[in-house]
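Please look through the sequence and the model below before reading on.

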Amino acid sequence: MVAVVLWCTTTTAGCASGDGAASTPGAPGVIAVTMTDNRFEVPTLTVAVGDVLTFRFTNLGAVQHEAVVGDEMFQMGHMDHQHMPGDVMANSIMVQPGGIADLTYRFDQSGVVLIGCHEPGHYEDGMVATINVTG
């Protein structure tokens, strides 16, 4: 079972929930995402254009993981980029084993946004999560 924890930064704002409910456009919320070796544990989310979420990544795996948030074209561009260890690009974070890191993302367009890990072999092995953005 996947545990989802959500915090709101204000008491009047709506927030995304583990059941796929959307937050109030522009209202920030925090979604807990667990990283294990070659997998993200995150529920299927549906958010609205304008929503802002902070993903709190906790790496319970034995190796470093990366989280890249963006559509499929952004993911492919990130994989094509020859980045060096420690080189962090836009909309991405690196999380060491046992580490926790936050990444905030504004959903500006409807469609599908992915969270992918591009450590060697991880994305190809299915370390990717899908977020549906409705407009």
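Leaving aside its neighbours within four places in sequence, which residues is Phe-40 in contact with? The model is a predicted one, and in it the contacts of Phe-40 fall in several stretches of the chain as listed here: Val-33, Thr-34 and Met-35; Phe-57; Glu-66 and Ala-67; Ile-115, Gly-116 and Cys-117; and Met-127, Val-128 and Ala-129.

Phe-40 also belongs to the largest nonpolar core, which has 25 residues. Phe-40 is among those with the most contacts inside this core, together with Phe-55, Phe-57, Phe-107, Ile-115 and Ile-131. The elements that give two or more residues to the core are β2 (28–36), β4, β5 (52–59), β6 (65–70), β7, β8 (100–106), β9 and β10.

What lies beside β10? Strands of a sheet pair through backbone hydrogen bonds, either parallel or antiparallel. Strand β9 (residues 111–116) is joined to β10 by six bridges, and the two run antiparallel. Along this pairing, Leu-114 stands opposite Thr-130, and Gly-116 stands opposite Val-128. Strand β4 (residues 45–48) pairs with β10 in the parallel sense, over four bridges. Here Thr-46 is the residue opposite Asn-132.

These pairings are part of an open sheet of five strands, in the order β4-β10-β9-β6-β7, with mixed pairing. The edges are β4 and β7 (92–95), each of which pairs on one side only. On average, neighbouring strands of this sheet are turned by 25° against each other, direction ignored.

Now to the charged side chains. How many salt bridges does a search of the whole structure find? There are two. One joins Arg-56 to Asp-102, with the closest N and O atoms 2.9 Å apart. This pair links distant parts of the chain, since Arg-56 is in strand β5 and Asp-102 in strand β8, 46 residues apart. Arg-56 counts as partly exposed because its relative accessibility is 26%; Asp-102, with a relative accessible area of 38%, is partly exposed.

The other salt bridge is between Glu-41 and Arg-39, where the closest N and O atoms are 2.6 Å apart. Is Glu-41 buried or exposed? At 18% relative accessibility Glu-41 counts as buried, because the cut-off for buried is under 20%. Arg-39, at 46% relative accessibility, counts as partly exposed.

The last stop is Asn-38, in the loop between β2 and β3 (39–41). Most residues other than glycine have a negative phi. Asn-38 has a positive value, with phi near 70°. The relative accessible area of Asn-38 is 27%, so Asn-38 is partly exposed.

Notes:
Residues numbered from 1 in each chain as written. Predicted model: local features only at pLDDT ≥ 70, side-chain atom pairs only at ≥ 80, totals over all residues. Heavy atoms only, no water. Pairing = 2+ DSSP bridges. Axes fitted to C-alpha atoms, helices over the stretch in contact; angles between N-to-C directions. Core = buried A, V, L, I, M, F, W, Y, C linked by side-chain atoms within 4.5 Å. Buried < 20%, exposed > 50% of the residue type's maximum accessible area, 1.4 Å probe, protein only. Contact = heavy atoms within 4.5 Å. Salt bridge = Lys/Arg side-chain N within 4 Å of Asp/Glu carboxyl O.
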